[in-house]
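Subject: Structure handover and findings

Dear colleague,

Please find below the structure that I am handing over to you, followed by an account of what was found in it.

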Amino acid sequence: MKIKDIVMEAYKLREKILREVNDADEILLRVMDDAIEAYHHTQFPMVSEPISIEQYNRELDIADEQIANGDIFTQEEVSEIIKRWGRR
């Protein structure tokens with residue numbers, strides 16, 4: 001794939017995401033916020049490399065903190081999110 005094609009794909013994806021954000025309800029915004037937070041707190045190792053025990057523990061700490069802060073979804077909320085994915 002050429003650099004120009006990669007840049008164009010990134011541009012199209014960015015535009016799509018911006019449209020989704022502008023139309024998003026609170027649940028989708030929370031999902032996106034959680035994904036962004038997880039992205040910023042996670043180092044993505046090579047698929048063939050296991051994560052270290054330290055990284056594993058950091059990820060558990062982040063998850064525990066999210067739970068303690070109430071940053072969770074009910075089963076009903078998750079079901080609604082999944083239903084909306086199917087409609088697109």
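This is a predicted model: local features need pLDDT of at least 70, side-chain atom pairs count only at pLDDT 80 or more; totals for chains, interfaces and linings use all residues.

Residues are numbered from 1 along each chain as its sequence is written, and side-chain values use heavy atoms, with hydrogens and water left out.

Overall fold

The protein chain contains four helices and zero strands, and its pattern along the sequence reads α-α-α-α. Helices (H or I, at least four residues) and strands (E, at least two) are DSSP runs, numbered from the N terminus. Of the 88 residues in the protein chain, 7% are buried. Here buried means under 20% relative accessible area, exposed means over 50%, and partly exposed lies in between, with a 1.4 Å probe and protein chains only.

Salt bridges

A salt bridge is taken as a side-chain nitrogen of Lys or Arg within 4 Å of a carboxyl oxygen of Asp or Glu. By this rule there are three salt bridges.

- Arg 84 and Asp 25 are joined through their side chains at 2.8 Å, N to O. Arg 84 belongs to helix H4 (residues 75-87) and Asp 25 to the loop between H1 and H2, so this pair ties together parts that are 59 residues apart in sequence. Arg 84 is buried, at 17% relative accessible area, whereas Asp 25 is partly exposed, at 33%.
- Glu 77 and Arg 30 form a salt bridge at 3.7 Å, N to O. Because Glu 77 lies in helix H4 and Arg 30 in helix H2, the pair ties together parts that are 47 residues apart in sequence. Glu 77 counts as buried at 19% relative accessibility, and Arg 30 is partly exposed at 26%.
- Glu 80 pairs with Lys 83, with 3.5 Å between the closest N and O atoms. These two residues are three apart in helix H4, and therefore about one helical turn separates Glu 80 from Lys 83. Glu 80 is partly exposed, with a relative accessible area of 34%, and Lys 83 is partly exposed, with 47%.

Second largest pocket

The second largest pocket has a volume of about 220 Å³. On a 1 Å grid over the protein atoms alone, a pocket is an open set of points where a 1.4 Å probe fits, with protein on both sides within 12 Å along at least five of seven lines; lining residues have an atom within 4 Å of a point. Grid points are joined across faces, edges and corners, and the volume is the space filled by probe spheres set on the points.

Which helix gives the most to the lining of this pocket? Helix H2 does, with five residues. Helix H2 (26-41) and H3 each supply at least two residues of the lining. Among the lining residues are Arg 30, Asp 33, Glu 37, Ile 62, Glu 65 and Phe 73.

Nonpolar surface patch

Leu 13, Ile 17, Val 21 and Leu 29 make up a nonpolar patch on the surface, and their accessible area together is about 310 Å². Patches consist of residues with over 30% relative accessible area and no salt bridge; like charges are joined within 9 Å, and nonpolar side chains (Val, Leu, Ile, Met, Phe, Trp, Tyr) within 5 Å. Accessible areas come from the Shrake-Rupley method with a 1.4 Å probe, and for residues only the protein chains shown count as cover. Helix H1 (residues 3-23) gives the most to the patch, with three residues. Val 21 lies in helix H1 and is partly exposed, at 32% relative accessibility.

Gln 55 is placed in helix H3 (residues 53-68) and counts as buried at 4% relative accessibility. Its side chain makes a polar contact with the side chain of Arg 58 at 2.4 Å. A polar contact is a pair of N or O atoms within 3.5 Å; within protein, one must be able to donate a hydrogen and the other to accept it, and residues adjacent in sequence count only if both atoms are side-chain atoms.

Yours sincerely
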